[in-house]
Amino acid sequence: MSATADHAEERTNPAARLGFQPGQVVQEIGYDDDVDQELREAIEGVIESDLVDEDYDDVADAVVLWFRDDDGDLTDALVDATTYIEEGGAILLLTPKTGRSGYVEPSDISEAATTAGLTAAKSVSVGKDWSGSRLATPKAAKSKR
């Protein structure tokens, strides 16, 4: 594939825009009937494997965390998610968009991420009903400079 094709895929494929790479182990937390199946399939296509579930017993390269306002404490969920990833790994926090059931205020996301010791690296619309925030451990955030 040419560099131009790679850049085109990054613009059109949300999983590629979010930085997922072939061969990564990506753990999914918070799966329910309301998740965006197209995004899940796009991530699996990029990593060339299935997402692993909450019962996965090894460390992952990244975590996809589906979170709704009524799912409990976001800070706790983010702290828990950091225990599942390699040092320098990322968490993709997916929350319902404005006006959707389970919407989480951006200020709540920012506060929870900061409290959990994470840095918001990128926010992106990932589908009709979901927004994504790519959160990185401080070590990973520094290495990107």
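A helix here is a DSSP run of H or I at least four residues long, and a strand is a run of E of at least two, numbered from the N terminus. Keep in mind that this is a predicted model.

I start with helix α5, residues 106-115. Which residues of α5 are buried? They are Ile109, Ala112 and Ala113. These residues cover an arc of only 100 degrees around the axis, so they lie on the same side of α5. The background is that an α-helix has 3.6 residues a turn, so residues three or four places apart point the same way. Glu111, Thr114 and Thr115, on the other side of α5, are exposed. The cover over the buried residues includes α4 (74-82), β3 and β5 (130-136). After α5 comes Gly117, with a positive phi near 80 degrees.

Another positive phi belongs to Glu48, at about 60 degrees, and Glu48 is not a glycine. For context, most residues other than glycine have a negative phi. Where is Glu48? The residue sits in the loop between α3 and β2. Glu48 counts as exposed because its relative accessible area is 63%, and the cut-off for exposed is over 50%.

Now the inside. The largest nonpolar core has 19 residues, and those touching the most other members are Phe20, Val26, Ile43, Val64, Trp66, Leu94 and Val126. Two or more residues of this core come from each of α3 (37-47), β2 (60-66) and β3 (85-96). Which element gives the most? That is α3, with five residues. Ala112 has come up already, as a buried residue of α5.

Last, Glu28, which is in strand β1, residues 26-29. Is Glu28 buried or exposed? Glu28 counts as buried because its relative accessibility is 6%, and the cut-off for buried is under 20%. What does its side chain meet? There is a polar contact, at 2.9 Å, with the side chain of Trp66. Trp66 is one of the core residues I listed. Again leaving aside neighbours within four places in sequence, the residues in contact with Glu28 are Arg40, Leu51, Val52, Asp53, Glu54, Val64 and Trp66.

Note on methods
Residues are numbered from 1 along each chain as its sequence is written. This is a predicted model: local features need pLDDT of at least 70, side-chain atom pairs count only at pLDDT 80 or more; totals for chains, interfaces and linings use all residues. Side-chain values use heavy atoms; hydrogens and water are left out. Buried means under 20% relative accessible area, exposed over 50%, partly exposed in between (1.4 Å probe, protein chains only). A polar contact is a pair of N or O atoms within 3.5 Å; within protein, one must be able to donate a hydrogen and the other to accept it, and residues adjacent in sequence count only if both atoms are side-chain atoms. Contact means heavy atoms within 4.5 Å. A nonpolar core is a set of buried Ala, Val, Leu, Ile, Met, Phe, Trp, Tyr and Cys residues joined through side-chain atoms within 4.5 Å. The arc is that of the directions from the helix axis to the C-beta atoms.
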